[in-house]
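The following note sets out points for a colleague who is about to examine the model.

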Amino acid sequence: MTDTNQQEVIVARGVIKTYDDNGVPVEAIRGIDLTIERGEFTAIVGPSGSGKTTFLNVISGLDTVTEGEILLNGRLLSGMNGRELSDFRRDNIGFIFQAYNLIPVLTVEENVEYIMLIQGVPKAERHRRVREILAEVGLEGYADRVPPRLSGGQKQRVAVARAMVARPALVLADEPTANLDSKTGAELLDMMRELNRNSGMTFVFSTHDDMIMQRARRLVTLKDGRIESDESKA
Amino acid sequence: MWTYIKLAWRNLFRNKRRTFIAGSAIGIGLAALIFTDAIMIGMKDNLIHSATASFLGEGQIHHREFRQTIDVDLTITDGHAVLADLAEEPLVEHTAPRTMAFGMITSPANVSSVSMFGVDPVVEPYLSQIDEAIVEGSYFGKNTGHEILIGSKLAEILEVGLGDRVVMTVAQAHTGELSQELFRVSGIFHFHVRELDRSMAFVRLDKSQEMLNLGSEFHEIVIKFTDIEFSSNTDHPFWEKYSGEDNEALGWPALLPQLKAAFDMSQYSMFLIGLILFAVVSLGIINTLFMSMHERMFEFGVLRAVGTRPLAMGRLILFEAGALAIISIVLGTIIGFITTYIVTKTGIDYQGIEFVGAYFRELLYPVMQVQQFIYYPIYVFIFTMIIGLYPAAYAARLSPAEAMRKAY
């Protein structure tokens, strides 16, 4: 059962993920045990192929584990069917992707509003929260623009707003600064750190960007599908 | 729901050129259906008019056994009373009595079997086009009692021309005695139908009654209705009223079953044409939707990742199919209307071509009907939605991680 008061947002126990690559089994994750608590600002780092994105996919329920179990916000993911997983992600996880991945034919407001729309939040409430979150990410006055008319930094701010507007327990960001210049990336990270402090939402990054590593309060380093190190900063 | 409709509509215009090409392809299919249907109706009307107006009439009354036996004894029971009743029928425009008998026609050069019809020269032109089909001579001009009209092919066989003498031999009613009469060819007709031009001869009704020993009786009443639709409406009480114990009243579909069968087959052909067109169009729809989906695979993954349910993903694709159908229907209806309208003005020249005993005597004009612009677009819409189920099911089954992987 979901328990919003519990401290552990992610609990991964003995997670193994094996892919079938044209008949050849490939172990992307080789046994990970990890617990991430509420309000953490954690970066999962490691070289390409270390299993960062795969780990993010399995802890968010986008992909299934081969062995082991994952509890997210107290719910065991492996026991859910497709529809339950969709609803669970909708209500508990915000996603930020490397390439922003906004819906280009929807306006900024419609993009941010989308998750609340599928949650069934009433219109007036949706609009109020969209206005609030756009103000928080510094995009007041951009509500009616479509993504192709925004800069990369602005698009990623919209993506952050979309990820946070429904107030999920967890925000997962896969290489969120990879397509941004260093100044814009730093500004975005500072903004996310600020939102993390103010909202208490848990942020988990998959990255090899130094700027994120510097700002993260905890660094989990993966290598060859295993945790090589797990350091928390004071 | 509204969000998905809006999203689907806008998605369709992300690649305007592709949408326009796909919409045009489906639209042309729809236009072809509308045009073909209009042509079919025009062809049917043309042929029915040609068949009924030339000689057959829209309906006929005979003695019940006459059509099977062509026995000259079998005249219509109470023929004059039937004629009088028909004159009072509001749905009947004209009637004409006829006699008919098989006989031999002999010229100095040759002899041939022939169907001799006795017609009333005054009322017959309202029911048939014998007068219009005369290519030499005239239609029962001066009443000498010995005029005969023969077909062009028969004139060739007999090697006769206008004014030449021929002898008609028929068997009389009741006695079976042979009756011979000398006629002069007063007119040669050409119906463009081999059977009619080769084996028919027309004489005055009173002369034929005299030859056949019929008194004032006759074998056939030909009917023209105020609306030709009555002739094919077999449920109309008219047919029962005039089909008694002795007589039978029949509309053109019963009199010319081969034409009716050909039209039924045309309906089936139309169905097949539609099916083939739809099959071609369906490939276009599937291709367009899948191309559009593959371009947006990561986006689909994102939509699924943020919590869009599988069914909602499928619904989005179905709405896109629906939006494509609407664009196609608008294009197809416009193209179909313009094309068909132009041809309704110019016509298509099939004149002289014979088709199961009937032939095109006039330009073929397609017939536009409101239903064509209602039903065919509805079929296209439904069909597109059905075809859209396949890509919709594909989208619904996509797992978010798989969609994101496929995007790379």
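1. The model is a predicted one. Helix α9 of chain B, which covers residues 205-212, is mostly covered, with six of its eight residues buried. These buried residues are L205(B), K207(B), S208(B), Q209(B), M211(B) and L212(B). Their packing partners are strands of chain B, namely β2 (92-106), β3 (111-119), β6 (165-171), β7 (178-189) and β8 (200-204). After α9(B) comes N213(B), whose phi is positive, near 60 degrees.

2. Helix α2 of chain B extends over residues 16-56 and so has 41 residues. Just after α2(B), G57(B) has a positive phi of about 85 degrees.

3. Positive phi values also occur in chain B at two residues that are not glycine and that lie in loops. I70(B) has a positive phi of about 45 degrees although it is not a glycine. I70(B) is placed in the loop between α3 (66-69) and α4 (79-88) of chain B. This residue counts as partly exposed because it has 14 C-beta neighbours inside 10 Å, and the partly exposed class lies between 12 or fewer neighbours (exposed) and 20 or more (buried).

4. Which elements of chain B give two or more residues to the side that touches chain A? In the contact between the chains, 17 residues of chain B meet 18 residues of chain A. The elements in question are α1 (2-12), α14 (297-305) and α17 (400-406) of chain B. The largest share of this side of chain B, five residues, is provided by α14(B). By class, the side of chain B that touches chain A comprises eight nonpolar, four polar and five charged residues.

5. Chain A contains seven helices and ten strands. For its 234 residues, a compact globule would have a radius of gyration near 17 Å; the value for chain A is 17 Å, so the two agree. Along the principal axes, the C-alpha atoms of chain A fill a box of roughly 50 × 40 × 40 Å. Of the 234 residues in chain A, 45% are buried. Among contacts in chain A with a separation of 6 or more, 71% are between residues 24 or more positions apart.

6. Six strands of chain A form an open sheet with mixed pairing, in the order β6-β7-β8-β3-β9-β10. Its edge strands are β6 (93-96) and β10 (226-232) of chain A, each of which pairs on one side only. The twist from one strand to the next averages 15 degrees.

7. In general, strands of a sheet pair through backbone hydrogen bonds, either parallel or antiparallel.

Key:
Residues numbered from 1 in each chain as written. Chains lettered and ligands numbered in written order. Predicted model: local features only at pLDDT ≥ 70, side-chain atom pairs only at ≥ 80, totals over all residues. Contact = placed C-beta atoms within 7 Å. Helix = DSSP H or I, 4+ residues; strand = E, 2+ residues; numbered from the N terminus. Nonpolar A, V, L, I, M, F, W, Y, C, P; charged D, E, K, R; others polar. Expected span 1.5 Å × (residues − 1). Rg over C-alpha atoms; globule rule 2.2 N^0.38 Å. Pairing = 2+ DSSP bridges. Axes fitted to C-alpha atoms, helices over the stretch in contact; angles between N-to-C directions.
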